[in-house]
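Dear colleague,

Please find the structure below, together with its sequence. My notes on it follow directly after.

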Amino acid sequence: MKLKDFLPELKYLKEQGYSSVKIKKWLEKEKGHSVNERSVRRFFEKQGDPFGNTAVKNTLGSFNMPEDQPWSTAWLKSKEVSLKINNPQQVLDLDDITEAIKDGIEGVTKIKTTKPYKTNKKALRAVISDAHVGMETDTEDSMFGFKYNEKVFKKHLSVVFDNIKDRIDTHGDFDLIIVDDLGDNLDGYDGETTRKGHKLPQNMSNKEGWKSYVKNKLNTCVNIVNLGASERYQFRSVSNDNHSGDWGYTANYAIKMAIESMYDNVEYIILNKHMEHFYYGDHAFLLAHGKDKKNMFKNMPLHLNDKVSNIIRQYIDHYEIKSKYIHVDKGDLHQVGYNREPKFDYRNYMSFAPPSPWIQSNFGVSYCGFSIQIIPKYSNQIEHTDVFFDLKKTGVK
């Protein structure tokens, strides 16, 4: 049998918002018909999309609803009908993403490490936080107006790459190369934070923001690995945050599947808990965004207080962390800050994105950028450098 033999049922499933992946699974389970997701998608395209984008546009037009708003589900009501619709232009679920990445990496052969390395017993580490891809920083009422879009995000990542390359050119091969992302990598979903209730000015749809982050972050990771300056690479990304939450998880999961299929010496680690820790030599790094996706009612502060210090000590004791040097690193507040107490140090990292309209109005012009560290494996003489971006102004006469 062919897909056209199931046309009435497929039409119904598509109208209910089923993705091509879910329709593929339905055909296999209910009809015993094996087909790949690409064939399903091409089948709908050949039908002239009679129950895809055209139907959405017609429905939106009849209710005078904008087509370009970032929404996934809506109730449209009139005197004649009360209708719940799903937007196939916006809805992405983990099945869609997994299937798409599997298709993209099918047949990829892992690149094996063959070069003999002369390690310097140091780790090279870049730290970014609060990329907020999709955030609109130049709204009509923003005080200063700073440009932030995919082009700017890509440029910022290129500066990270250039700084990593500069350190490699100076110091040679490293024992380990790390890139840490401390969360809020996507600005939100459907024009809100994923915690909901906080409306956000955005200049990308859900799909546009997701693709922009995945494509450019993945390309940057690949370019770093291809420098061939270490036997091991770790890319770590916090997903338990207050803006991107599970939506950020799916984006980083896509990158993880792709890059770990390409290289045998790369780990892409997604942090699902509010705080998690990692070791390098005599160092332990405790990573957190600073506000989680569900439980916290107040951010971890810029400067240590007794309450947060006590919680961090409890964490260290609970996990029996015995490292000589313990570092607590967080983002969220978009500012550089550093405190130290006998058991650990505590560092806030700045935003990778320009200030939002809200920050501009309440705090004025703030900075953005990232940090680079060179970490000796068995000493605490860490070289730490903050790198600041030039803010691109718009609306200048």
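Lys165 and Asp169 form a salt bridge in this predicted model, a salt bridge being a side-chain nitrogen of Lys or Arg within 4 Å of a carboxyl oxygen of Asp or Glu. Their closest N and O atoms are 3.3 Å apart. Because the two residues are four apart in helix H6, about one helical turn separates them. Lys165 is partly exposed at 33% relative accessible area, and Asp169 is exposed at 54%; buried means under 20%, exposed over 50% and partly exposed in between, with a 1.4 Å probe and protein chains only. Helices (H or I, at least four residues) and strands (E, at least two) are DSSP runs, numbered from the N terminus.

As to the conventions, residues are numbered from 1 along each chain as its sequence is written, and side-chain values use heavy atoms, with hydrogens and water left out. The model being predicted, local features need pLDDT of at least 70 and side-chain atom pairs count only at pLDDT 80 or more, while totals for chains, interfaces and linings use all residues.

Further salt bridges

The structure holds 14 salt bridges. Lys217 pairs with Asp181, with the closest N and O atoms 3.5 Å apart. This pair links distant parts of the chain, Lys217 lying in helix H7 and Asp181 in strand E4, 36 residues apart. Lys217 is buried at 4% relative accessibility, and Asp181 is buried at 1%.

Arg313 forms a salt bridge with Glu341, the closest N and O atoms being 3.0 Å apart. Arg313 belongs to helix H9 and Glu341 to strand E10, so the pair ties together parts that are 28 residues apart in sequence. Arg313 is partly exposed, at 31%, whereas Glu341 is buried, at 15%.

The six-stranded sheet

An open sheet of six strands has the order E6-E5-E4-E3-E12-E13, with mixed pairing; two strands pair if DSSP finds at least two bridges between them. Strand E6 (266-271) and strand E13 (383-388) are the edge strands, each pairing on one side only. From one strand to the next, the twist averages 15°. Axes are lines fitted to C-alpha atoms, for helices over the stretch in contact, and angles run from 0 to 180 degrees between N-to-C directions.

Strand E5 (residues 233-238) and E6 run parallel and are joined by six bridges. Tyr233 has Val266 in E6 as its bridge partner. Helix H7 (residues 206-225) packs on this sheet, where it touches strand E4 (176-181), E5 and E6, and its direction makes about 155° with that of E5; contact means heavy atoms within 4.5 Å. Helix H8 (residues 245-262) lies across E5 and E6 and runs at about 165° to E6.

The five-stranded sheet

A second open sheet, also of mixed pairing, has five strands in the order E7-E8-E9-E11-E10. Strand E7 (275-280) and E10 each have a single partner strand, so one side of each is left without a neighbour in the sheet. Here the twist averages 20° from one strand to the next. E10 and strand E11 (residues 344-348) run antiparallel, joined by five bridges. Glu341, the salt-bridge partner of Arg313, has Phe344 in E11 as its bridge partner. Helix H9 packs on this sheet, touching E7, strand E8 (283-288), E9, E10 and E11; its direction makes about 120° with that of E11.

Backbone and surface

Most residues other than glycine have a negative phi. Glu320, however, has a positive phi of about 50°; this residue is in the loop between helix H9 (306-318) and strand E9 (325-330) and is exposed, at 57% relative accessible area. His334 also has a positive phi, of about 65°. His334 sits in the loop between E9 and strand E10 (337-341) and is buried, at 15%.

The protein as a whole has 10 helices and 13 strands. Of its 397 residues, 52% count as buried. Among contacts between residues at least 6 apart in sequence, 71% join residues at least 24 apart.

With kind regards
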